[in-house]
Amino acid sequence: GPCTECSCSSGKEPDKDPSHTKKKENGDRLCVPKIFFGTRTHKQITQITRELKRTAYSSVPMTILSSRDYTCIHPLVSNSSNRNEVCVELLEGKHGKSCSYYHSVHKLSEQHMLQAAHGVYQAWDIEDLVSLGRKLRACAYFAARELMVGADIVFCPYNYLLDPQIRESMDIKLKDQVVILDEAHNIEDCARESVSYGVTEGQLRAAREELDLMVNNHIRQQDHEPLRAVCCSLI
């Protein structure tokens, strides 16, 4: 069963150590690892949380990691074509504006409050989180990330687990945790996608022109010549 000293099972203030694997002073028992459950699409997460709700584990602390495309409710950000950039600008207060939803994130990031909002202690879905966020005028995107600290099970798309950049930006640490991949035969495509990058011929030609300029002006020739050769061969 879950270890009693561990905050992840007691519902008290979540441990500040996101991996929950620190040894406790009064004994050398390790805490229960988190379960990271990766799926191909966000729609599949909805189906799985619906199934979780029907089990005896419905009230287990959980979270769902997803992009701002699904969770941002700020009118300025959610209507922009580059949500991530506009969000960061607001958080940094670049144009003298800030995000009031972000400052209310604490209203959403407590499990018991989230689950009590549905009348019962049970599993929830990203749409539940967003609608509660609208009601409380609080940010669902950052709430979901904060809930990861105290969560026993974390649902997310595959690439959150596979892509090192996303793992780092989301502060996902998989060491000593349990990873479940739903429909794992799709992993190869997902892995290829996360290390693939598309460029147009126009971009290649523009890059070659800039590199020509560098080489002809003797600016770090040994670095720029091989790059120019790559551009030429691709063109």
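Predicted model: local features only at pLDDT ≥ 70, side-chain atom pairs only at ≥ 80, totals over all residues.
1. Helix α13 covers residues 201–216 and helix α14 covers residues 221–234; they pack at an angle of about 150°, and their axes are 9 Å apart. Angles over 145 degrees count as roughly antiparallel, so α13 and α14 are roughly antiparallel to each other.

2. Which residues make the contact? From α13 come Leu204, Ala207, Arg208, Leu211, Asp212, Met214, Val215 and Asn216, and from α14 come Gln221, His224, Glu225, Leu227, Arg228, Cys231, Cys232 and Leu234. Sorted by class, the contact of α13 with α14 has nine nonpolar, three polar and four charged residues.

3. Next, do visit Thr49, which lies in helix α2 (residues 42–53). Is Thr49 buried or exposed? With a relative accessible area of 3%, Thr49 is buried. Leaving aside residues up to four places away in sequence, Thr49 touches Met62, Ile64, Ala123, Trp124, Asp125 and Phe155. Phe155 is 106 residues from Thr49 along the chain, yet 8.7 Å separates their C-alpha atoms.

4. Finally, have a look at Ser58, in the loop between α2 and β2 (62–64). Ser58 has a relative accessible area of 8%; under 20% counts as buried, so Ser58 is buried. A polar atom of the Ser58 side chain lies 3.5 Å from the backbone oxygen of Lys53.

Key
Residues numbered from 1 in each chain as written. Heavy atoms only, no water. Axes fitted to C-alpha atoms, helices over the stretch in contact; angles between N-to-C directions. Helix = DSSP H or I, 4+ residues; strand = E, 2+ residues; numbered from the N terminus. Parallel < 35°, antiparallel > 145°, perpendicular 65-115°, else oblique. Contact = heavy atoms within 4.5 Å. Nonpolar A, V, L, I, M, F, W, Y, C, P; charged D, E, K, R; others polar. Buried < 20%, exposed > 50% of the residue type's maximum accessible area, 1.4 Å probe, protein only. Polar contact = N/O pair within 3.5 Å; in protein donor to acceptor, adjacent residues only side chain to side chain.
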